[in-house]
Amino acid sequence: MNITFITHTSGLYGANRSLLALLKQAKQHGITATVIAPDQGELTESLEEIGVSYRTVPMKRWMSKKRWKAPLRLAVNVLVQPYLLYTIHKWETDLVYTNSSVIPTGVMLGFLSGSPHVWHVREFGEPDFGLSYDWGQSVFQAGMNYSDLVFAVSESIRETVLDGVDTPCTVVYNG
């Protein structure tokens with residue numbers, strides 16, 4: 001199975017540390033993992049060290065303190081989709097996996113390619129970082145509901161952030 005992981009940052013913070021652990025396990029179980037990151041950084045250096053292919057694409061978040069920039073962020077995410085579609089086709093991706101709820105690129109890619117999409121929700125948003133959804137809670141829930149499966153990093157995330165989401169949700173604690 002070929003899985004393409006989408007990440008929102010190239011820093012080695014909690015979400016990407018968990019992603020690296022997941023990538024190492026995937027490799028041991030015969031899964032070919034590839035990663036799309038927004039830029040070069042500590043994550044891409046680590047990917048090179050463990051032999052995971054990646055591409056950097058300037059994706060934008062859909063959560064921010066500056067909602068007035070939402071149209072520009074959406075435009076960037078739409079403009080990169082043809083390159084992303086080409087990339088996952090070349091990688092023969094079977095599944096798109098988004099590693100954070102702050103970026104919509106993976107669900108957009110899953111929708112356009114017809115590939116199954118899994119979302120790993122790791123953050124509360126407003127309480128954690130003062131971030132709000134660019135297009136509101138209902139658009140966020142629609143994105144989550146388009147996914148085939150949602151992972152929550154805790155029961156609390158499942159009960160609060162994913163309240164009202166109909167997609168099957170499983171709690172997967174960080175390794």
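I count a residue as buried when its relative accessible area is under 20%, and I keep in mind throughout that this is a predicted model.

**Entry 1: the whole chain**

With that cut-off I looked up the share of buried residues, and they make up 52% of the 175 residues in the protein chain. I then went through the secondary structure and found eight helices and nine strands. The radius of gyration is 15 Å, close to the 16 Å that the globule rule gives for 175 residues, so I note the chain as being as compact as a globular protein of that length. Along the principal axes, the C-alpha atoms fill a box of roughly 35 × 35 × 30 Å. I also checked the contacts with a separation of 6 or more, and residues 24 or more positions apart account for 59% of them. For the accessible surface I have about 8,600 Å², with 56% of this belonging to carbon and sulfur atoms.

**Entry 2: Thr34**

I next turned to Thr34, which sits in strand β2, residues 32–37. The side chain of Thr34 makes a polar contact with the side chain of Thr4, at 2.8 Å. Leaving out residues up to four places away in sequence, I list Ile3, Thr4, Phe5, Val52, Ser53 and Trp91 as the residues that Thr34 touches.

**Entry 3: helix α7**

In helix α7, which covers residues 137–146, I marked Phe140, Gln141, Gly143 and Met144 as buried. They cover an arc of only 155° around the axis, so I place them on the same side of α7. Looking at what these buried residues of α7 pack against, I found α5 (105–113), β6 (117–121), β7 (132–133) and β8 (149–152).

**Entry 4: aromatic rings**

I then looked up the aromatic pairs, of which the structure holds seven. One of them joins Trp62 and Phe140, and I record this pair as tilted, with 6.0 Å centre to centre and 50° between the planes. Trp62 lies in the loop between β3 (53–56) and β4 (63–64) while Phe140 lies in helix α7, so the pair ties together parts that are 78 residues apart in sequence. Both Trp62 and Phe140 are buried.

I note Tyr83 as partly exposed, with a relative accessible area of 38%.

Finally, I found that Trp62, Trp119, Tyr133 and Phe140 form one aromatic cluster.

Terms used: Residues are numbered from 1 along each chain as its sequence is written. This is a predicted model: local features need pLDDT of at least 70, side-chain atom pairs count only at pLDDT 80 or more; totals for chains, interfaces and linings use all residues. Side-chain values use heavy atoms; hydrogens and water are left out. Helices (H or I, at least four residues) and strands (E, at least two) are DSSP runs, numbered from the N terminus. A polar contact is a pair of N or O atoms within 3.5 Å; within protein, one must be able to donate a hydrogen and the other to accept it, and residues adjacent in sequence count only if both atoms are side-chain atoms. Contact means heavy atoms within 4.5 Å. Buried means under 20% relative accessible area, exposed over 50%, partly exposed in between (1.4 Å probe, protein chains only). The arc is that of the directions from the helix axis to the C-beta atoms. Rings of Phe, Tyr and Trp (its six-membered ring) pair if their centres lie within 6.5 Å; planes under 30 degrees apart count as stacked, over 60 as edge-to-face and the rest as tilted. The radius of gyration is taken over C-alpha atoms; the globule rule is 2.2 Å times the number of residues to the power 0.38. Accessible areas come from the Shrake-Rupley method with a 1.4 Å probe; for residues, only the protein chains shown count as cover.
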